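This briefing summarises the computed features of one chain. The overall form comes after an opening note on a single residue, and further residues follow by topic.

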Amino acid sequence: MSQSRQVAMRRPPVSRVAIIALAAIFVVGLFLMGFDQGETLSLVYGQDAYVDALLHEFTHDMRHIAGFPCH
Ligand SMILES: [Zn+2]
């Protein structure tokens, strides 16, 4: 004779703030990794950031591996 028992499990609620924060981190990270050509650092370094493109150089190999357009 089998006996079954139901156990009610509730998932812990996920905060909307956490979802929005993670979505914002994702969007910013995607931009920095995939599309930045100096725009972000130009806020600090001015026009020199477009020439140096430090974030582009830092993420260059990841761009190619992920299939983002690069050069
Ligand atoms: Zn490239």
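Methionine 62 is located in helix 5, which covers residues 60-66. The model under discussion is predicted. In this model the chain holds five helices and zero strands, and its order along the sequence reads α-α-α-α-α. The radius of gyration is 22 Å, whereas the globule rule gives 11 Å for 71 residues; the value is well over that figure, so the chain is more spread out than a compact globule.

**Overall dimensions and burial**

- The C-alpha trace extends over about 75 × 25 × 15 Å along its principal axes.
- Of the 71 residues in the chain, 4% are buried.

**Helix 1**

- Helix 1 comprises 19 residues, numbered 16-34, and at 1.5 Å a residue it should span 27 Å.

**Alanine 53 and its loop**

- Alanine 53 occupies the loop between helix 3 (48-52) and helix 4 (54-58).
- The phi of alanine 53 is positive, at about 45°, although the residue is not a glycine.
- Most residues other than glycine have a negative phi.
- Alanine 53 has 16 other C-beta atoms within 10 Å; a residue counts as buried at 20 or more and as exposed at 12 or fewer, so alanine 53 is partly exposed.

**Glutamate 57 in helix 4**

- Glutamate 57 belongs to helix 4, and with 9 C-beta neighbours inside 10 Å it counts as exposed.
- Glutamate 57 and valine 27 are 30 residues apart along the chain, and their C-alpha atoms are separated by 20 Å.

- A separation of 22 Å lies between the C-alpha atoms of methionine 62 and serine 42, which are 20 residues apart along the chain.

Notes
Residues are numbered from 1 along each chain as its sequence is written. This is a predicted model: local features need pLDDT of at least 70, side-chain atom pairs count only at pLDDT 80 or more; totals for chains, interfaces and linings use all residues. Helices (H or I, at least four residues) and strands (E, at least two) are DSSP runs, numbered from the N terminus. The radius of gyration is taken over C-alpha atoms; the globule rule is 2.2 Å times the number of residues to the power 0.38. The expected span of a helix is 1.5 Å times one less than its number of residues.
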